[in-house]
Structures are given as structure tokens and as C-alpha cells.
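Here is a short briefing to read alongside the model. Keep the sequence and the 3D view open as you go.

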Amino acid sequence: MSIATPVAAAPAAPEPLTSAEERAARYAAHRARLPGAGRPWLNGLRDAAIEAFARIGFPNRRMEEWRYVDLRALGETAWRPADAGTVAAGDLPAPLLPDGVRVVLVDGRFRPDLSQGLAGTEGLTVLSLADAIAAGDPLAEQAFGPADWGRRGSLIALNTAMAGDGVVLSVADGARIEPVEVLHWTTAHADPAEIHARHAILLHERAQATVVERFAGADGAAVFANHGCHLRLAAGARLEHVRLQAEAGRVIHIGGNGVTLAAGAAYLARYVGLGAGVARIDLDAELHGERAELDLASVYLARGAQQQDLTTRVRHAVGACTSSQLVKGVVAGAARGVFQGAITVDKDAQKTEARQYSRALLLSPQAEVDAKPELRIFADDVQCAHGAAIGELDADQLFYLRARGIDEPPARALLVEAFVAEVVDRIGDAQARAMVARHVRDWLATEAAG
Amino acid sequence: MLEIKDLHATVDGREILRGLTLSVAPGEVHAIMGPNGSGKSTLSYVLAGREGYEVTGGSVTFQGRNLLELAPEERAGEGIFLAFQYPVEIPGVTTMTFLRSSLNAVRVRRGEPELNAVDFLKLVRAKAAALNITDEMLKRAVNVGFSGGEKKRNEMLQMALLEPKLAILDETDSGLDIDALRTVAEGVNALRSPERAMLVITHYQRLLDYIVPDRVHVLSGGRIVRSGGKELALELERKGYAEITGAAPGAAAA
């Protein structure tokens, strides 16, 4: 056993990062460690991104789009980039499909050793972003998507500047792909750790796919998990995207999803959030081909001191497209739920159909829900509807169940499950639906047990 | 079996029951008749334990237990069943899930094992068939999209499954055409037994042609003002409430 450790050989641990200014000032050193540091297109993109981030700074509640969610910890915690986490296959939840394609990322790093079925599915390409960059694969450049941080905020800019890895899924013209599971696993960290991962789901013409993203992990120190995902649906493509956020309690989960839809494309977004301490999910959708369809069904469950924020910005850039959003929330304890939904219909986007409904259920007097619909309609021949409702469990229904012998906690659980079912039932893939239903039931069982 | 003594109850601070006394023995069917606002539904809700119905005086014992200290679900476990005047719709919960949760909850309270899915299905199908309730109805959400008659038949199905000791039928005839009324009444009569008591609450005598009571009570102003045999119902039908209760029509609620 060697006692003398050659100090010089150990890479110096990066200093923790706190303020936005500090990050920008020390960015060059970080960039040098990222994959693709020698590629001009990537250097340019990353430099522009860190500049945008430094200009805007971390979100704060004086910014209109961030007023309901408390993210002060982001700028006040001494984060260190997450180490390559150690995890054994047995620590991970069972795959969605025993023989299906499963992509595993640990702390934002693509892990082929823990994944399965990565090759051999015709029409499906699965790459790690780091590998794609290193190999000069054109998919790497496509994976970053448009540089529209001005509209989408500083965290996606920070993600662009910091991300070194992630998963890129590409589905070929006309291919039909069975559910692809992407498990984002967060390991337990001894100190506050930050993760920036960049993903892409690219569907070519008339491709059809189901992608099931699961975010989960082990309990540990605080984690700032910043996931950016660019989704591009070519003409006639159809994607069901199930996104289940079930992170451990000390995670601040940021999910920035940007999707562009070409003519006749359909994006079925099924976003479910019930984990993390604070979760902020953004969906930016651009419908820029006629007859494109966006269909979002989302539900979040929050309790304790959790905060769940879903913010959507849907833009109808051309006519004859449809967007439909149903967002439901269940808020218990002293938790907070937020839904901000902006719909923009451009001047020439005639015959647009846009619907947006949000309903939230308050399970305790301390719970809080904020709902902010925002419609900006510049075309005159459109059908737009929106509605927001916040309420408590129905006293008549509760009494009816209790009068039939059902104890109050399971009676409440049954009613909450029924409330949530409207979203869960919209998940087309049976396995994914069952998995989400199981998570919801576990949540309710814990809630019923007090 | 059921002893109600000098019961006073308020709703939203307004006294609705004002000294109601009633005794029901096992095997008996009692009809409670009265004009609108006389306190009929309040009585049924007080017995079932609904929140917001505050008992301010008197007592209710059921098989020797103080009923008033029990939660609604505990009363169901003791064998009290309220057939609702307006059965509640529960979107998102299938009738089958609801029935199974209910039956197993009550069985556990009675110290019986839960029924497994297969045994439950067999039981519910048999009971449903007798009430003309189809499998398709059982798969629908509880009472959602049900007609008035279907809702009341669904109440009877729950009663048949739970086999209560005391069934309270709150205006079970309201909103039913004659065929539906007959089906519901047959369901009720099939459950008459020497161990089971029933409290049939109704505005009209019509239901009592089908469910013949042992005793008839007239409720007015929150207390029972007359009791008699089944012929009292016919007398009420003939003369109207005003003459029997000695009040002007419409004044009974005051």
C-alpha cells in the first residue's frame, strides 16, 4: 500500500460557484474542461450563452416569469460541478420494459454501461452528446436547437454554456419506435452539486415515437439539476413525450423544454411532477407548420414545502394549428403550485384553435396555487378558450364515500386519484401510464398515512 | 334498535329538529312523512353523521351505542345505510371501484375478511342483475351520466351489498317514473327481514303503496306530530298536511 499520494496527479477540484458574475468571470477555465472545447461553433455558442446568462443573472422574483417560485438558493449556494457519480445497476429502478431501449444518465452523464438496447433498433439513433461533439457528428450541433435565451430565460443559457453531456435521440424518416426510456439518475452528493445536461429528441418526417423520461435519484446534499431539452418534430412526425419528475427532496430541478413543430406534426406532452424540493419546468412550443398539434396534459403533486412550477409559452406562428393544454395540480401541506401559460397567436395564424385549462386542488389551508393565463392574439379568425379553477375536495363527494364506510384518508385519496386520473389516462403508452399511476398512488398512500 | 330522544339539531345556526322522539325495532319499516322543510332530510343527515348538522340536544342510540359520537364511516360499519335523495356524482372513480372499496371497508369494520376481485365480481353481478344494472353501468364513473332511475337503483345496489341493519331511504321515490319506482321498491322489499329496520322518508304516499310500512309518522316543524299505522299515510294523502299538522300550508317550515 502506497502512503505517499502524488498530489500533483490529482486534478484540482473546481472551486464552488455561486454568483452569476463569478461564473462569467471564471467561465473560460470551465469551458476548457468541456468536451468540444476546440470547436469554434461550440465555443461561440457557449460564450454567447454565458454572456446572456451574466447579463440576465439568476432568476429572481422581480422578474415577471419567475415571480412565484423561490429560486434564491441557486445564487446563494456554493455549487460544485457534480463528480461522476457511482451507481450500480441494482440501485436503479427496474426498466420500463425488460427488453426495451433504456438510456441511463447518471448526474447528467451518459452511461452506456448502465443502458440497454442502445443499438439495433432500426430507425433509432442514440448518442451521448459528449461523444457526438467529439466525433464531429452533425447531430451535436442540431441538439442545441435555437439560441433563444432572450425569450426563455437565463437558466437555459447557463445550461447551454455549462453542459458537457446528455442524450441525443434521433428517429429516422417514417420510423415507428416503441417506447424509449430515458432515466436521469441523480446520485447522493456529499456537498451541494450542480448538473447541467443537454438533451435532444429529433424526429424526422413522419417518424413516430414514444419517449419516457424519468428523473429520480438518491437522497443527499442539495443538487441543482439543470436539464435542457431540444425537441424538433419534422413534418408529419408524432411524439408522445412522457416526462416524470420524481427527484429526491433536496433537488432543485430545472427542466427547459423547447419544441418546434413542422406541418402536421403532433407533440403529445405528458408532464408529471411529484418530486424535488423545487421544480421549475418550462415548455416553449413553436408551431410553425400548418396543422401542427400540441397537446399538453400535465399534473403536479406538491406537499411539505415543495414548489412545483410549470410555465408554458406556446406560439402559433402559422394558421390552422391546434394547441390544447390541460394542467392539474394537487397541493398539500405548505406547498406551492404554479402554472403560467402564455399563448401567442401571430397575425397571420388564422384558423388557430388554442385551448388552455388549469385546475388545482388545495388539500390544506397553507397550500398555495398561482395560475396565470396570458393570451396574446393578433389574428382575428381564431378559436381560443381558457379557464382556471382552484378549489378544495368536494364535501358532498367526501361525505358520500364516508357514508359508505370508507375512512376519510382513503376517501380523500380516492378523490385525489380521480382528479389526477384525467391527466394520467391521457398517457397513451400503457406501461408508462401504469408507471405514472403507481407513482401517484404511492404519493397518495404516503399522504393518507400522514 | 334505534332510539331517538328529544333530538334537537341546527343547520347554519337555524334549528331544524326541535325535540324529535322515535323508536324503531328490528324488522320494522317506519315511514316518516312531512311537508317540505319539516326536517325530513335533516333527520337522515343527522343519523348518517354529515358535517354541518349540529346536534344541540337529545340523544340517538343505535343498538345501545351512542350514534352521535361516531364518524360517518363508523356508522356505516355499525350497519347504518343512508340511501341519498341526490346520489353524488364522482367523476374519475368507477362504480366498480367505489362498490368494492365500500364493501371491503365495511367488511373490515365488521371483522370479516376483504373479498378478492373474483368473489367480489361474482357477488356484485348477482346483486346488480336483480336491479337491472348492467356491466356497462358498473364500469362508468359513479353516478356520472346516470338517469334519475339509474342513480336510485345504484343506491339500492349499494344497500344490497352492504346489508345494513338500519336503512334510511331519503326521498327514494323522488324523480322516478312508475317503472323505476317499482324496480326500486322491489329492491327494498327484497331486503326486508326480521333483523333489518328501515326508515322510509317520503313526501308522498305513493311509495308506500309499494313499500308498506308498519308505522307512519308525520314530521312537522322538526318534531313528530302524529304517529299511526299504514292507514295514516292514506289519511294524509286525502286531507293534506295542513289539516293533519294543524298548520297553514307552507307555514310548517317556519
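The notes below go from overall figures to domains, the chain contact, and some local detail.

This is a predicted model, in which local features need pLDDT of at least 70, side-chain atom pairs count only at pLDDT 80 or more, and totals for chains, interfaces and linings use all residues. Residues are numbered from 1 along each chain as its sequence is written, while chains are lettered from A and ligands numbered from 1 in the order in which they are written.

**Chain A overall**

- Chain A holds eleven helices and 20 strands; helices (H or I, at least four residues) and strands (E, at least two) are DSSP runs, numbered from the N terminus.
- For 450 residues, a compact globule would have a radius of gyration near 22 Å, and the 22 Å of chain A agrees with that. The radius is taken over C-alpha atoms, and the globule rule is 2.2 Å times the number of residues to the power 0.38.
- The C-alpha trace of chain A spans about 75 × 55 × 50 Å along its principal axes.
- Buried residues account for 52% of the 450 in chain A. A residue is buried if 20 or more other C-beta atoms lie within 10 Å of its own, exposed if 12 or fewer, and partly exposed in between, with C-beta atoms placed from the backbone.
- Of the contacts in chain A with a separation of 6 or more, 83% link residues 24 or more positions apart. Two residues are in contact if their C-beta atoms, placed from the backbone, lie within 7 Å.
- The average pLDDT of chain A is 93, and 97% of the residues score at least 70; pLDDT is the predictor's confidence in each residue, from 0 to 100.
- Residues 1–11 of chain A have a pLDDT below 50, and this stretch has zero contacts in the model beyond near neighbours in sequence.

**Domains of chain A**

- The domain assignment gives domain 1 (16–287) and domain 2 (393–450) in chain A; such bounds come from an automatic or database domain assignment.
- The C-alpha centres of these two domains of chain A are 31 Å apart.
- Domain 1 of chain A brings 13 residues to the contact, and domain 2 of chain A brings ten residues.
- On the side of domain 1 of chain A that touches domain 2 of chain A, the elements giving two or more residues are β8 (208–217), β10 (238–245) and β12 (266–273) of chain A.
- That side of domain 1 of chain A has ten nonpolar, one polar and two charged residues. Here Ala, Val, Leu, Ile, Met, Phe, Trp, Tyr, Cys and Pro count as nonpolar, Asp, Glu, Lys and Arg as charged, and the others, Gly among them, as polar.

**Where the chains meet**

- In the contact between the chains, 16 residues of chain A face 21 residues of chain B.
- On the chain A side, α9 (395–403) and α10 (408–424) of chain A each supply at least two residues.
- By class, the side of chain A that touches chain B has eight nonpolar, two polar and six charged residues.

**Chain B overall**

- Chain B has ten helices and twelve strands.
- Its 254 residues would give a compact globule a radius of gyration near 18 Å, and chain B agrees at 18 Å.
- The C-alpha atoms of chain B fill a box of roughly 55 × 40 × 35 Å along the principal axes.
- Of the 254 residues in chain B, 44% are buried.

**Strands of chain B**

- An open sheet of four strands in chain B has the order β2-β1-β4-β5, with antiparallel pairing; two strands pair if DSSP finds at least two bridges between them.
- β2 (14–24) and β5 (65–66) of chain B are at the edges with a single partner strand each, so one side of each lacks a neighbour in the sheet.
- Eight bridges join the antiparallel strands β1 (residues 2–11) and β4 (residues 53–62) of chain B, and Ala9(B) stands opposite Val55(B) in β4(B).
- Strand β11 (residues 215–220) of chain B is mostly covered, with five of its six residues buried.
- β11(B) runs parallel to strand β3 (residues 29–33) of chain B, joined by four bridges, and His30(B) stands opposite Arg215(B).
- β11(B) is also joined by five bridges to strand β12 (residues 223–228) of chain B, running antiparallel; here Leu219(B) has Ile224(B) as its bridge partner.
- The hairpin of β11(B) and β12(B) has two residues between the strands, and Gly221(B) takes a positive phi near 60° there.

**A residue to look at: Ala185(B)**

- Ala185(B) sits in helix α7 (residues 178–190) of chain B.
- Ala185(B) is buried because 23 other C-beta atoms lie within 10 Å.
- Not counting residues up to four places away in sequence, Ala185(B) touches Leu207(B), Tyr210(B) and Ile211(B).
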